Amino acid sequence: VERDNTGGGDPSSDDPCANDTTSSAAPVVTTNPEASTEEMPSSELSTSLKVNAYPNPFTDRLNFEWTATSDDDVLIEITDALGRRISVPFHGLVKKGQSYKVDWNSAGLQDKIYFYKYSSSGRVDQGKLFRR
């Protein structure tokens, strides 16, 4: 699934590895009171996850937001157009029903197109990111 959101920003370095963009950011966690405590059927798992990546196009900051559909280990990674990992904005455990927001500093990137991939034990969400 590809998602394109709107927005903007500005990088400041020639080297995409020049800054510490590979470290995991501390997410902002909020509890979603409307989240069900019952397990969802597997047919609903793939459609219930929605990762928002914004602003898109971006320049120096990018946000990822989602609500966990289960207790799980989650990895969000950024790759370039050739599939090389550029950064890991988040890697950690999440709790079902909690909302997460990760603010990633994307300064130093030079290419115009990147991809994000959200992975957990049973879910994958991917999207294309555009840098201004």
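**Exercise 1.** Is Asp80 buried or exposed?

*Solution.* Start with the ground rules: this is a predicted model, where local features need pLDDT of at least 70, side-chain atom pairs count only at pLDDT 80 or more, and totals for chains, interfaces and linings use all residues. Residues are numbered from 1 along each chain as its sequence is written, and side-chain values use heavy atoms, leaving out hydrogens and water.

Next, the cut-offs: buried means under 20% relative accessible area, exposed over 50%, and partly exposed in between (1.4 Å probe, protein chains only). Asp80 has 3% relative accessibility, so it counts as buried.

**Exercise 2.** Find the salt-bridge partner of Asp80, then look at how Arg61 pairs up.

*Solution.* A salt bridge needs a side-chain nitrogen of Lys or Arg within 4 Å of a carboxyl oxygen of Asp or Glu. The whole structure has four of them. Asp80 pairs with Arg84, with the closest N and O atoms 2.7 Å apart.

Now take Arg61: its side chain meets that of Asp103 at 2.6 Å, N to O. Arg61 sits in strand β3 and Asp103 in strand β6, so this bridge ties together parts 42 residues apart in sequence. (Strands are DSSP runs of E, at least two residues, numbered from the N terminus.) Check the surface too: Arg61 is partly exposed at 34%, and Asp103 is partly exposed at 35%.

**Exercise 3.** Work out where Arg123 and Asp72 meet.

*Solution.* Their closest N and O atoms are 3.8 Å apart, which makes a salt bridge. Arg123 is in the loop between β7 and β8 (124–130), while Asp72 is in strand β4, 51 residues apart. Both residues are buried.

Terms used: Helix = DSSP H or I, 4+ residues; strand = E, 2+ residues; numbered from the N terminus.
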